[in-house]
There are 2 protein chains.
Amino acid sequence: MFDIIPLRGGLDNVEGFFSGGVSVGLKQGGKKDVAFIRTQEPSPVTAIFTSNKFQAAPIKHFKRYGETFLTNFILINSKNANAMTGEEGINDITELLSQLPKSLNAVNPIMSSTGVIGYRLNRAKIAQAFELFEFEAKDSNGAAEAIMTTDRFKKEICLRVDLKNGGSFHIAAIAKGAGMICPALATMLCFIATDAKVPQDSADRLLKEAADESFNAISVDGDTSTNDTVMLISSGKSGVWNEEAFREALKLLTRELALLIVKDGEGSKKVVAFEVKNAASLEDAKSAAKALSNSLLVKTAIFGEDPNWGRIASTIGASGIACDEEKLSIKYDDVLVYSSAAKEMSKDTESAANQVMRQESYKICCDLGLGNYGFTAYGCDLGHEYVSINADYRS
Amino acid sequence: MFDIIPLRGGLDNVEGFFSGGVSVGLKQGGKKDVAFIRTQEPSPVTAIFTSNKFQAAPIKHFKRYGETFLTNFILINSKNANAMTGEEGINDITELLSQLPKSLNAVNPIMSSTGVIGYRLNRAKIAQAFELFEFEAKDSNGAAEAIMTTDRFKKEICLRVDLKNGGSFHIAAIAKGAGMICPALATMLCFIATDAKVPQDSADRLLKEAADESFNAISVDGDTSTNDTVMLISSGKSGVWNEEAFREALKLLTRELALLIVKDGEGSKKVVAFEVKNAASLEDAKSAAKALSNSLLVKTAIFGEDPNWGRIASTIGASGIACDEEKLSIKYDDVLVYSSAAKEMSKDTESAANQVMRQESYKICCDLGLGNYGFTAYGCDLGHEYVSINADYRS
């Protein structure tokens, strides 16, 4: 048994971690653009990367150390993705990291980048950060700011897990990501730090499991940007390990971050959970839920607060999964808008569904009535004038 | 040998066809909303339908006659898709068509619908059209108007094909479709009429072939709306048949219509051809070309006239096809923006590429350098304020 307590801030409460961010002029107006995260001692790191065939140079550089290894230093920059830069892009990283102060005793230092594709890093500018960093700082806020690109707000989360039989550990993260116009093109970085004493094989497995139900629920598999990265580093400083507690805390943390990314979706005002249940297979449930969270016509109907469930049905039918219009039912929160017994929506139902849609956040549940598999994906509305044609399609 | 001559208007020059459109109050403001197309004698019809699992009632009704059959009457309405309406939706069609004037001698009459999903047809209103139609009219323009939904302009094309060794025939079409925010959600109807004497097996095969290179090049397979239909009816009145000439004319006709649909993409200002060449397989070339025409980040860069080729590369990498960043090259018309020899774009190149992007229509060509397969898909920009964040991502 255990309790999970949310704390303020990001990485700062996690024992054995230091972080910070500075400005070296990659962004305009003196905004922070280079960050570091480091650990007191070399610590095991594991990561999940984009499935894009054109992986960026920092990902290729990471993989040269192996799948998992010990590191004590991560350098992160925004504004330049260092992608499609070939061998030179990898050399730029090696060269940059070799300039880190010797006093840091950097072990397998790694880099992570986000921004525009197709340009070499400005090494001279980024190296200035090594003069500016306060390496003993606990400034997670500064690091979170430095990794932002189109984000409207910083993304930091920290949880403390208290085990009932004594002992506690922290798990925290900073992330960037907002390009959620279409979840299929999410561009995100996420750095998770914990002082739990995580066994390496558990780290890999649990990170994969948590990402599947969070970041991969807002982004279609196989359709991600060149740089997407979710990294987990464990200092082990708490000396505590409890797999069940860690799994729960990691899932909560990644799910909250995924929702923050959805909420920051460029110009979005609403977060909607798309639950697909009683599908014939888990694959079907995932395909349909993700198709719903990706559909522009669904997104524009959400923006227009129009309970046009036909777009939901059409998207499910188009997703290629097993489905049957006589077994399907669709609910907006508790309002049943379609079932084989009540195909045509009454005015009262339409009005009730519209009430649901006026909320900032709600659930659209599609019961396929075929099997026992379910999956929930998250999406946002698509706003701005661009929607005027679709939002008012019916009037 | 043959000549293809574009004529004005739509179906009116095709021998043996009559058509027209009237208003019965489905649309507001007295706009035309119900159309008919009929032939003098029962004529062979063949069709390609949506791959959506929830096919609309008119498609199910059509299929009850078989794959191909003789018909002499098509009734078309806008504003209501008659989809997700179950058996009742099919009965509504049967009932409506049974009310056609006996004098028409309707043989296997069919119906086609477009509009909102999930509502029963207003049979009483639609039946009023039978009093209003001028069944001897050649008013393709009225029919084209009646089938419009979010279209900004009517879509009609007519071609005359003159065979060098004598004889000529017509092929013409009306179409609706504009929901091209994302080609994956194209909603379109297209009715092609010809007076060529088309053998039935050729009709099926040639229609499929033409659609693959036109409508299916602007819409991702398996991801279409409930009602999408492309129908070909042959009156045979010219008595002429020449497969080579007909194939060419049909391809030209469908390709032009597809481009009109792209051009009408809600709010779009530009039409871009995405050519993928030297792919390892035809499937790869198609996947990549369609992914490019679907990508919101590519569409917003097109709107912003920003030669941010990294979005092109990232989309190709994300499409899951075989690709290699050392073999890839990318051109905007004749301007080479990326190759392994010149990864980073110079200011001059960027400026030249920007000039290309200022045009209303141009080509983005991705040479994968792996094999001999190619495919071209068509897409439009994504405009309106919604793009402001993405179009200016780099500044």
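This is a predicted model: local features need pLDDT of at least 70, side-chain atom pairs count only at pLDDT 80 or more; totals for chains, interfaces and linings use all residues.
Strand 3 (34–49), strand 9 (229–234) and helix 6 (243–263) of chain A are among the elements that cover the buried residues of helix 5 of chain A.

**Helix 5 of chain A**
- Helix 5 of chain A runs over residues 200–212, and its 13 residues reach 19 Å from first C-alpha to last, close to the 18 Å expected at 1.5 Å a residue.
- Its buried residues are A:Ala203, A:Leu206, A:Leu207, A:Ala210 and A:Ala211.
- Looking down the axis of helix 5 of chain A, you will find these buried residues within an arc of 130°, so they line one face of the helix.

**Helix 2 of chain A**
- Buried here are A:Gly89, A:Asp92, A:Ile93 and A:Leu96.
- Those residues cover an arc of only 95° around the axis, which puts them on the same side of helix 2 of chain A.
- A:Glu87 and A:Ser98 are exposed on the other side of helix 2 of chain A.
- Packing against the buried residues of helix 2 are helix 1, strand 5 (110–113) and helix 3 (123–132) of chain A.

**Where helices 1 and 2 of chain A meet**
- Helix 1 (residues 57–64) and helix 2 (residues 86–98) of chain A pack at about 65°, with axes 9 Å apart.
- The two helices of chain A are therefore roughly perpendicular to each other, and their crossing is right-handed.
- From helix 1 of chain A, A:Ala57, A:Pro58, A:Lys60 and A:His61 meet A:Gly89, A:Ile90 and A:Ile93 of helix 2.

Definitions and conventions:
Residues are numbered from 1 along each chain as its sequence is written. Chains are lettered from A and ligands numbered from 1 in the order in which they are written. Helices (H or I, at least four residues) and strands (E, at least two) are DSSP runs, numbered from the N terminus. The expected span of a helix is 1.5 Å times one less than its number of residues. A residue is buried if 20 or more other C-beta atoms lie within 10 Å of its own, exposed if 12 or fewer, and partly exposed in between; C-beta atoms are placed from the backbone. The arc is that of the directions from the helix axis to the C-beta atoms. Two residues are in contact if their C-beta atoms, placed from the backbone, lie within 7 Å. Axes are lines fitted to C-alpha atoms, for helices over the stretch in contact, and angles run from 0 to 180 degrees between N-to-C directions. Angles under 35 degrees count as roughly parallel, over 145 as roughly antiparallel, 65 to 115 as roughly perpendicular and the rest as oblique. A crossing is left-handed if the near helix is turned anticlockwise from the far one by less than a right angle, and right-handed if clockwise.
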